[in-house]
Amino acid sequence: MIMEPLKTIRPELLQLTDPQLAALLPYFVVFGGIAVVIILSVVRFMKPKWPVFFLSLLTVGFGIGAALGLLQEGASELVFNGMMVSDTYSNFFIIVFLAAAGFTILSSFRYLDHENLQHPEYYVLTLFSALGMMLMASSLDLIVLFIALELMSLAVYVLVGFRRADRRSNEAALKYFILGSAASAVLLYGAALLYGMTGSTHIRDILAFVQSHPAGLPPVYVLGAWLVIVGFLFKVAAVPFHMWMPDVYEGAPVPVTGFMTTGLKAAAFAGFVRVLLATGYGKGLSEAVQANFHDLLWVCAVLTMLVGNIVALTQTNLKRMLAYSSIAHSGYLLVGMLAGPGSEQGYAPVVMYLVAYAVMNLGAFVVLTIIADRGDSGLNLNDLSGLARRHPWLSFAMGVFMFSMAGIPPTAGFAAKYLIFYSAIQANEISLVIIAVLCSAISVYYYLRVLVYIYMRDPVGSPAASRMSVWSVAAVTVMVVLTLQIGILPAKMVSAARKAVTSL
Amino acid sequence: MAWLDSHLLTTTVFLPLVWAVIGLLIPTGAPGGRAALRGWSLAGTLLVFAVSLLIYQRYDAGGAEFQLAESAAWLPALGINYRLGTDGISLWLVLLTTFLMPVAVLSSFRAIETREREYYFLLLFLETAMLGAFVALDIFLFYVFWEMLLIPMYFLIGIWGGKDRVYAAMKFFLYTLVGSLLMLVAIFYLAYQHKLQFGTYSAAFVDLYRLKLPGADYTSAQSLLFLAFALAFAIKVPLFPLHTWLPDAHVQAPTAGSVILAAILLKMGGYGFMRIAFPLFPQAVALYQVPFMVLGAVAVLYGAWVAMVQPDIKKLVAYSSVSHMGYVVLGLFSLNSIAVTGSYYQMLNHGISTGALFLLVGMIYERRHTREISAFGGLTRVMPLFAVAFMIVTLSSIALPGTNGFVGEFLILLGAWQVSPALTAVAGLGVIFGAVYMLWMFQRVMFGPLKHKENEGLKDLSFREMLVLAPMIVAIFGMGIFPNFVFDKLSPSIDRFVARSTTAANPAQGE
């Protein structure tokens with residue numbers, strides 16, 4: 001037993017040793033940064049715009065630096081009575097989340113000016129959400145997991161509705177809030193059932209319980225595990241729990257949508273992997289239950305890929321199209337989740353895919369942020385006609401991201417897809433992989449259609465005022481370089497992902 | 001120089017890409033900038049050709065199977081490495097590529113007037129991808145190059161193509177991709193089999209050749225894997241009935257694009273069969289030998305018949321490709337040295353003669369902006385030099401003795417006869433139909449009275465156009481009269497290939 005039952009308050013358990021303090025450094029940095037940003041945003045004697053912007057970036061930068069340091073040490077440290085862990089896995093994801101937040105902030109700066117939305121709260125909420133994600137990846141306890149999920153989601157609910165005067169934005173926020181709360185409730189109910197059966201909310205204790213009952217698990221346990229999994233399936237927008245997503249993605253301001261598709265999704269999967277491991281999936285579940293879990297997830301993965309890709313074909317609004325494509329990518333990730341226990345690579349391909357997806361998708365959204373017209377109009381396919389004439393380099397970047405999402409070499413998307421499908425073959429999921437590759441063939445059509453408009457049509461209408469700024473250009477450049485770098489030389493990222501999952 | 005010696009293949013493969021990136025920096029807006037860009041691109045392709053001649057010189061036909069080998073760790077955790085090397089089969093396709101690229105660039109000087117920077121960049125990028133696919137010795141690396149070349153080709157068709165260019169580009173991309181993706185699944189399976197059978201990960205061809213896979217019947221692993229690969233390669237070849245992307249892509253592509261598509265991209269399919277599908281799955285090949293030979297023979301006739309009724313010259317040439325590549329499949333599946341040598345030679349021939357046909361069609365299109373056969377007639381009177389060149393290429397395409405086409409088709413029919421006289425007889429009819437559609441088209445375009453006023457003022461070949469056509473015509477006669485020049489450095493590799501691909505000669509490959 002890792003965690004002692006808390007019958008009486010025992011202060012010595014709550015004290016932090018030096019290595020524990022060091023392990024918590026990234027959280028302290030981010031939280032401290034947020035606190036200062038909040039104070040800065042209410043002082044009266046200066047305009048908060050620039051200081052808040054730079055301080056947020058600094059926070060992100062130092063947070064990444066701290067996590068990198070921990071990653072180099074490679075130590076694994078339990079904190080807060082074993083409720084949280086700082087291991088390679090969590091530190092790896094901390095970097096991903098903070099980077100996503102950082103690039104979102106970079107690309108939003110000019111955008112917020114144009115939309116008259118330049119409020120310091122935007123940065124505060126983004127950072128809070130990132131903090132929630134960080135906790136999510138490092139939680140070893142269902143309660144902490146739930147708190148992290150709420151912290152992350154609540155901040156994003158507000159961000160989705162950030163365009164207060166816009167009805168679509170409000171509608172999206174409300175929809176997201178109600179459905180998101182329902183999902184949280186389902187997850188919490190599942191956690192309660194698990195606690196009832198196992199006597200613990202701790203992930204490793206639950207796993208120990210499962211492994212000590214090889215003969216069979218009580219049905220209430222299975223129900224609880226399913227409810228928790230459904231909560232996560234909702235968060236990653238897997239079919240049939242995806243209905244909320246396209247509307248929310250369309251209604252939210254573009255950079256927020258970008259942040260949601262990358263950070264939120266990565267965080268949900270990071271937590272999902274931990275929970276799925278805890279339920280004993282692939283390791284210790286009795287055969288019948290394992291088959292049951294596997295088959296239902298299998299169906300869910302296939303539906304997610306099919307629905308996501310096929311509906312994306314019919315979309316003419318880029319935001320909506322990328323929303324459905326995001327559903328499709330959740331499907332590929334589910335393939336990796338299914339294959340995890342059965343393949344020698346474990347969940348490493350899932351982690352790798354999340355990174356690749358975050359990079360290319362965030363890149364695409366930064367490009368959209370730059371070309372969006374007032375109120376996020378001008379994001380229909382038609383509006384992209386002839387973009388290559390006006391913005392050759394921006395178009396090139398969009399081309400790289402689209403090819404990457406379609407999984408064409410030499411891009412990150414290809415390397416990631418390759419690994420995930422390879423691991424599924426190792427887990428003997430041949431029919432699943434065939435369905436997956438055919439789905440990704442479908443996806444090529446709608447990704448390439450974007451390029452048809454950009455490169456092969458003549459410009460129509462007068463060009464919208466460009467929102468290019470040094471910051472967003474820097475963000476796009478980094479994303480292009482990363483997309484190509486991970487695609488051409490994937491070895492480093494693969495070994496980093498492997499290290500991350502071995503610490504699980 | 002020492003570095004070049006040990007990295008000759010890498011240099012050849014990536015020189016075009018590096019050259020292309022530098023070319024992007026040339027300011028085309030400045031006076032003389034466009035000419036500089038053209039000169040730069042031409043110089044680059046010529047330089048690559050020169051470097052590839054070094055490969056020819058270094059390659060020793062009697063030596064090891066794969067020469068000039070290079071290897072570097074790439075994704076060592078999964079046994080994926082950057083491995084390059086060449087044997088006789090790779091060698092001549094590499095030379096064909098590097099030989100045709102300067103021609104393709106030179107032919108674009110007049111034809112391409114918009115967005116030239118992107119155009120030459122994509123052309124050179126395409127060269128890198130094609131060369132890479134021909135010399136990759138790691139199945140993953142091969143796949144990367146194989147898919148990567150879709151990107152430049154997609155843009156070349158989609159941006160500089162004809163009226164229905166977007167449709168054609170999309171169809172080309174999706175068609176080839178669907179085949180490739182199933183091949184990808186097969187690649188995963190194969191690579192993992194190596195781990196299961198030998199305990200280590202590897203994706204090198206030489207290691208995969210040692211795999212033992214069950215192959216007794218139609219549902220065995222060999223059979224299914226073979227079908228996955230064959231689908232990808234057959235689409236590329238393209239084999240009837242998977243050829244429908246080809247007429248669209250060929251007709252819509254700009255001239256240089258059509259030349260490269262016909263001359264080199266289609267060869268990827270044949271090369272894939274020779275490098276992967278045959279040596280890895282000999283039992284499956286034996287199983288599917290007859291059906292594929294039938295498809296090959298059908299393709300020969302079908303392509304010829306459809307070509308006959310085309311009103312558009314370019315479309316006619318496109319369908320003639322289907323017919324010619326049918327011979328290639330017929331010869332490959334005959335699985336004896338004579339037929340396979342013929343098939344390989346036919347691939348090179350098709351590259352030269354169909355490439356030249358597309359160049360010629362491009363030249364009259366630039367003058368008249370139409371390709372309808374009915375819009376011409378009697379062109380010999382105004383364009384005598386063009387007529388001579390066109391005649392030579394036409395005769396090469398219908399395999400007149402003395403031209404390169406004869407050697408290939410003759411060897412194929414000779415070798416295929418040993419396996420199936422009936423199919424060979426059917427395919428032999430294709431030779432007659434081939435002569436019919438080509439000569440009939442030639443007669444309608446070149447001979448007779450000058451029916452249309454617009455044709456009276458057509459200019460004969462310019463000096464640049466002569467430069468474009470001269471190497472092609474030299475190759476036509478050279479390969480027709482001295483085939484041994486090619487065979488010398490090819491035969492040992494072909495023999496190895498046949499030995500590996502026939503179960504009888506390689507009993508270790510069984511269950």
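A salt bridge is a side-chain nitrogen of Lys or Arg within 4 Å of a carboxyl oxygen of Asp or Glu. The legends below describe a predicted model.

**View 1. The salt bridge between chain A and chain B.** By this rule, one salt bridge is found across the interface of the two chains. Its partners are the side chains of E344(A) and K195(B), with a distance of 3.6 Å from N to O. Seven residue pairs are in polar contact between chain A and chain B, counting pairs with both residues at pLDDT 80 or more.

**View 2. The side of chain A that touches chain B.** Four elements of chain A each give two or more residues to this side: α16 (387-390), α18 (412-426), α19 (430-456) and α21 (491-502). The largest share, 15 residues, belongs to α19(A). By type, this side of chain A has 29 nonpolar, four polar and four charged residues.

**View 3. The extent of the contact between chain A and chain B.** Chain A brings 37 residues to the contact and chain B brings 35 residues. Together the chains bury about 3500 Å², and carbon and sulfur atoms give 79% of this area. Of the area that chain A buries against chain B, 21% is supplied by Y418(A), Y422(A) and M456(A), more than by any other three residues.

**View 4. Packing of α12(B) against α21(B).** Helix α12 (residues 255-280) and helix α21 (residues 491-501) of chain B pack at an angle of about 30°, and their axes are 8 Å apart. The crossing of α12(B) with α21(B) is left-handed. From α12(B), the contact uses F273(B), M274(B), F278(B) and P279(B); from α21(B), it uses I494(B), F497(B), R500(B) and S501(B). Six of these contact residues are nonpolar, one is polar and one is charged.

Definitions and conventions. Residues numbered from 1 in each chain as written. Chains lettered and ligands numbered in written order. Predicted model: local features only at pLDDT ≥ 70, side-chain atom pairs only at ≥ 80, totals over all residues. Heavy atoms only, no water. Contact = heavy atoms within 4.5 Å. Buried area = accessible area lost by both parts, 1.4 Å probe. Polar contact = N/O pair within 3.5 Å; in protein donor to acceptor, adjacent residues only side chain to side chain. Nonpolar A, V, L, I, M, F, W, Y, C, P; charged D, E, K, R; others polar. Axes fitted to C-alpha atoms, helices over the stretch in contact; angles between N-to-C directions. Left-handed = near helix turned anticlockwise from the far one by under 90°.
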